[in-house]
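Morning, everyone. Please have a look at the model on the screen. I'll talk about charged pairs, then about cores.

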Amino acid sequence: MTDKKEVHYMRPTWDEYFMEVMEAISKRATCGRGRSGCVIARDNQLLVTGYVGSPVGLPHCDEVGHQMKKMIHEDDSITEHCVRTVHAEQNAICQAAKNGVALDGATLYCRMTPCRVCAMLIINCGIKRVVCERKYHSGGESEAMFKTAGVKLEFFHEEVQTYEKLK
């Protein structure tokens, strides 16, 4: 009789599960610069999803290229952002609004620290917890807003999400 090692299956935690779903959702994103997805859940039930994409009927980055805008920050640093698309978090919140889904007390799962605008929407929706895969290079303002508003912010990994430089 041969000795077979029994492989023990490790069922994912709810956070791991929803992050895996977020990863699958992100594959629909239409901006190659940040293929992000978002999942919003409450009581271990998926409520809505969203991914980075242009508004309905408008051209996507993958079709016509990026629409870059420069932003000057308080410290005089300059960053460039693609503004052709709606963020994954914003699209998930829009999906909830269109379908009459309340988000109060929910948890939002996303690729990186939400931007300032997404953070404000998340706070006003009553979302109480945000779980990010990684940090965003300029996420400090959002982190501070979440702390002040009592929104719990957690990261799967402490490293900062990076993007390839556009030519």
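A salt bridge is a side-chain nitrogen of Lys or Arg within 4 Å of a carboxyl oxygen of Asp or Glu. This is a predicted model, where local features need pLDDT of at least 70, side-chain atom pairs count only at pLDDT 80 or more, and totals for chains, interfaces and linings use all residues. Residues are numbered from 1 along each chain as its sequence is written, and side-chain values use heavy atoms, with hydrogens and water left out.

How many salt bridges does a search of the whole structure find? It finds 9. Side chains of opposite charge can pair when their charged atoms come close.

Start with Lys 135 and Glu 158. They form a salt bridge, and their closest N and O atoms are 3.4 Å apart. Lys 135 sits in the loop between β6 and α5 (140-149), and Glu 158 in the segment after β7. That is 23 residues apart in the chain. Helices (H or I, at least four residues) and strands (E, at least two) are DSSP runs, numbered from the N terminus.

Is Glu 158 buried or exposed? Buried means under 20% relative accessible area, exposed over 50%, and partly exposed in between, using a 1.4 Å probe and protein chains only. Glu 158 has 55%, so the residue is exposed.

Next, a network. Shared partners in salt bridges join Asp 15, Arg 129, Lys 152 and Glu 154. Asp 15 pairs with Arg 129, with 2.5 Å between the closest N and O atoms. This pair links helix α1 (residues 14-26) to strand β6, across 114 residues. Asp 15 is buried at 18%. Arg 129 is buried too, at 19%. Arg 129 also meets Glu 154, at 2.9 Å from N to O. Glu 154 lies in strand β7 (residues 152-155), 25 residues from Arg 129. Glu 154 is partly exposed, at 22%.

Now the cores. A nonpolar core is a set of buried Ala, Val, Leu, Ile, Met, Phe, Trp, Tyr and Cys residues joined through side-chain atoms within 4.5 Å. The largest one has 24 residues. Ile 40, Leu 103 and Val 130 are among those with the most contacts inside it. Elements giving two or more residues include β1 (37-42) and β5 (107-112). α3 gives the most, with 4 residues.

Which residues does Val 130 touch, beyond neighbours within four places in sequence? Its contacts (heavy atoms within 4.5 Å) include Leu 108, Ile 122 and Phe 146. Lys 152 and Glu 154, both in the salt-bridge network, are also among the contacts of Val 130.
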